[in-house]
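Here are my notes on the model you sent. They cover a helix, an annotated site and the ligand surroundings.

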Amino acid sequence: MQTHKSKYGSTLEIGHIIGGEEVFDGRQLERHNPADRADLTARFPEASKETVRKAALAAQKAFQEWSRTPAPVRGGVLMNLAGVLTREKDTLVRLMVREVGKTFKEAGGDVQEAIDTAIFFASEGRRLYGQTVPSEMKNKELFTFRRPIGVVGMITAGNFPIAVPSWKLIPAILTGNTVVWKPSDDSPALSYVFVKLFEEAGLPPGVINVVFGEGKGSTGQWLVELMDEGLLNKFAFTGSTAVGRWIGEVAGRNLLRPTLELGGKNPLVVLRDSDLELAVEGAWWSAFATGGQRCTSAGNIIVDAPIYDEFKKRFLEKTEATVVGNPLEFPEVTYGPFMNTRLFERWIEHYSWGRQDGATLLFGKARITGSNPYPRFKGDPDAGTFGWPTVWEARPGMKQFEQEIFGPTINLVRVEGLDEAIQAANAHPYGLSSAVYTNRRDWAYRFKNEIKAGMTSINNSTVGAEAHLPFGGVKASGNGARESGIWVIEEYTYWQAVNEEYSGKLQLAQMDTAYT
Ligand code: UN1
C-alpha cells in the first residue's frame, strides 16, 4: 500500500490481498468521495479470473492449518480484533464518511456493530459445542462435532462497509473456514484497512483473501463461477435480489447452501391508538436514515384511517426539516449523497413509476442541484449526487409500493384497521424487516404473528437491528439463512456425527437392538 495526501485524508494505492501478499494486477479503478467526486479515497485494481482463482487456492492452502487451530485460539484473534477496531474506530469512521458518504453518527454505528460482533464471537470459540447422544447399544458412545465447511466466497454491498462484512467474515473464520472476499467497489479503502486490522489482530496470511473489482461481468462474476470449478465450498452474499437469485442458482447446481441477504420493501404500520409522536419519528428515521440506502429502510408507511391526516401532516413537517448535504463538512446532516450513480439512476426512475401509476407526490423534487435547490441543503449540491427527501401517497399494487427503491423515498398508504394493515404490509414480494406502532398488545402480537418478515419491531424503527439477533428475511429477501448471533454458526459449519464402539465386537445399529 502507498498513500498520498488528498484533500480530506489520504489516497490509498492498494492491491488485492492474497495469501498475505499484496497483488497489483488488473485494470486500475478509482473511488472518490461521493459527496464531492474529487477526493480520491483509493486507487485499486480489478481482479481477473486468474487472480480470483489464485485467491481461492491461497484460501484452500490456509484452510489446512486454520481449521486445525483450536477454536478458542481462533476466538482469541477476534478478541484482539475487537481491541484493534476500538482503537481505530475514529479513523475508520472518518474514512467511512469520506468513502461512502455516511454521516459520522451512522458510520460510528457501523463500526460499532463490527466491534460488537467481534466481541460476541470471540468467546463463542470457547462454546463451539457439540453433543453427546445416547446410543441404541451398550458400550457405544455417540457424539456430534461442528466442522468448518471450507473456503467461503463472499460478496458484500457498500452501504454497511464494515458491519455487514463483519457478520460474514467473523463467524466464518471463528468456525475455521477461510475466505475470498470481494468487497463493494464503493468501499475499497475501508475493506483494505479492515483486513489489515484482522492481520494486526493475529490472523494468519491466507485466511482472509481480498479481491477487488466490480460485480457482474467482472471480479464478482469470476468469484461466483469458482463454485463451478469446485474451488468454493460456501457462498455468502449481501446485495440485490436479482444478483442473489443468480448466485443461488450457481450454488444450487453445485449443491452448496449459500447465505443470501437480499432486498426489502419494509412496511411500517401505524395503528389508530399509537403514540403519534413516537411513530412519526420512527417512520421518518426508518425512511431517511442512510438516505434510504439500507436493506432495512422502510418502503411503505401504512397508516390507519382515523389518524391518517394527522400523521401525514406531522410526517411532512418532519420530512421538511430533514437536512441533506455533505456529511464530512456538515456533521448535522440527516443523510448524505447516493453512494454511487447506479443507485441514483435507479432511484430517479421511480419518479416515473409513481406518475404512471397515479401515485400522488406529496414532497420531493428528484435530484438536488444548484438550479433545483433544496432549502435545507448543506454544501455544494452539484459536487455530488443528492436526492430530495421524497414522500408519496400510494396504494398496494403500484410498482413503487412493491419494488425496492433504495433511496430517500417513502410511500404513505391509507388503510382501515388492523386486518387491512396486515394485508397491505404483506402485499409485496419481500419479507425482511417490518414494524408496527400500537399500544395494544393484542394488535402488536397479531401483527408479529401474521407479518411475513424475518424481523419485526414493535413501537420501533424498521432499521437498527442489534448485532446478536438473527438477521435475515423470507420471500424475495433471502433464502432463509440467518446472519448474526448464535444462529449464523449453522451457516458456516456442518455437523459431523461420530460413533465410538468399545464392546470389542461388531455391533450393528437397528439390527442388534431389534432382532437379538
Ligand atoms: C443492510 O442494510 O444491509 O438493521 C444492513 C440495520 C443495520 C444493518 C443493515 N443494523 O439497519
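1. Which residue takes a positive phi just after helix 11? In this predicted model, that residue is G358, with a phi of about 80 degrees.

2. Helix 11 runs over residues 341–357, 17 residues in total. At 1.5 Å a residue it should span 24 Å, and the 25 Å between its end C-alpha atoms agrees with that.

3. On helix 11, L343, F344, W347, H350 and G354 are buried. These residues lie on the same side of the helix, because they cover an arc of only 105 degrees around the axis. The face turned away from the buried side carries R342, E345, S352 and Q356, which are exposed.

4. The packing partners of the buried residues of helix 11 are strand 17 (360–363), strand 20 (386–387), strand 21 (390–393), helix 12 (399–402) and strand 22 (409–415).

5. The UniProt record, an unreviewed entry, lists E261 under "active site". E261 belongs to strand 13 (residues 259–261). With 27 other C-beta atoms within 10 Å, E261 is buried; the cut-off is 20 or more. Apart from neighbours within four places in sequence, E261 has contacts with F237, T238, C295, G472, G478 and E483.

6. Around the ligand are E113, N159, F160, V164, T238, R294, C295, T296, V463, G464 and A465. By class, this shell holds five nonpolar, four polar and two charged residues. T238 and C295 from this shell are also among the contacts of E261.

Terms used. Residues numbered from 1 in each chain as written. Predicted model: local features only at pLDDT ≥ 70, side-chain atom pairs only at ≥ 80, totals over all residues. Near = placed C-beta within 6 Å. Nonpolar A, V, L, I, M, F, W, Y, C, P; charged D, E, K, R; others polar. Helix = DSSP H or I, 4+ residues; strand = E, 2+ residues; numbered from the N terminus. Expected span 1.5 Å × (residues − 1). Buried ≥ 20, exposed ≤ 12 C-beta atoms within 10 Å, placed from the backbone. Arc of directions from axis to C-beta. Contact = placed C-beta atoms within 7 Å. UniProt positions renumbered as here; feature names shortened; annotations may be inferred.
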